[in-house]
Amino acid sequence: HPSRLNKSKRLVANMINDMTNDQIGLVIFAGEAFIQLPITSDFVSAKMFLDQIGPEMVTLQGTDIARAIDLCQRSFTKRDDVNRAIFIITDGEDNEGGAIEAAKQAAESGIHVFVLGVGSPNGAHIPVSGSTQYMLDNEGNYVKSCLNEQMCIEIAKAGKGTYIYVDNS
């Protein structure tokens, strides 16, 4: 507690609280990625869209960090007079591959990629949304998700950013 998603949402809400002359966009991803909120300076709307994020929003399971980075990168305007950054909030399990290459490409275009790692390095069972049950695989075993800090570090390094472990503090 809290879940990785709720912890991530709190983290982003706190980041929004500290923004002044910034802009924010929200991209949701799992096995696919889509824009939840286009880049804006409307922080009230950003928080409203953030509150609406739930696990049911992305139907294709898995983790495609490269697709998320690519979508974020294409969402920015081609301006050289502003700093641009992508904050990937993930457990580092990159099921589809290509995240390091995508981060490197973003960095080459002037976009820094920061990675905020959520989850437990020792692993934890994944709760089923709206219940007290935990997710089971096809064989009836509990699905365990582990924070892959090494992958998070490599993505951040390739993106000329920083990796930060997010705990409950």
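The model is predicted, so local features need pLDDT of at least 70 and side-chain atom pairs count only at pLDDT 80 or more, while totals for chains, interfaces and linings use all residues. Residues are numbered from 1 along each chain as its sequence is written, and side-chain values use heavy atoms, leaving out hydrogens and water.

**Exercise 1. Find the strand order of the open sheet, and state which strands lie at its edges.**

Step 1. Two strands pair if DSSP finds at least two bridges between them.

Step 2. The open sheet has 3 strands in the order 3-4-7, with parallel pairing. Strand 3 (84-90) and strand 7 (163-165) are the edge strands, each pairing on one side only.

Step 3. Now look at one pair: strand 3 and strand 4 (residues 111-117) are joined in the parallel sense by 7 bridges. Ile86 has Val113 in strand 4 as its bridge partner.

**Exercise 2. Describe how strand 1 and strand 2 are connected and paired.**

Step 1. Strand 1 (residues 24-29) and strand 2 (residues 33-40) run antiparallel, with 5 bridges between them.

Step 2. For a pair to inspect, take Ile28, whose bridge partner in strand 2 is Phe34.

**Exercise 3. Characterise the packing of helix 4 against helix 5.**

Step 1. Axes are lines fitted to C-alpha atoms, for helices over the stretch in contact, and angles run from 0 to 180 degrees between N-to-C directions. The axes of helix 4 (residues 99-108) and helix 5 (residues 149-158) come within 7 Å and cross at roughly 25°.

Step 2. Helix 4 and helix 5 are therefore roughly parallel to each other (angles under 35 degrees count as roughly parallel, over 145 as roughly antiparallel, 65 to 115 as roughly perpendicular and the rest as oblique).

Step 3. List the contact (heavy atoms within 4.5 Å): helix 4 supplies Ala99, Ile100, Ala103, Lys104 and Ala107, and helix 5 supplies Met151, Glu154, Ile155 and Ala158.

Step 4. Sort these residues by class: 7 are nonpolar, none polar and 2 charged. Here Ala, Val, Leu, Ile, Met, Phe, Trp, Tyr, Cys and Pro count as nonpolar, Asp, Glu, Lys and Arg as charged, and the others, Gly among them, as polar.

How values were computed: Helices (H or I, at least four residues) and strands (E, at least two) are DSSP runs, numbered from the N terminus.
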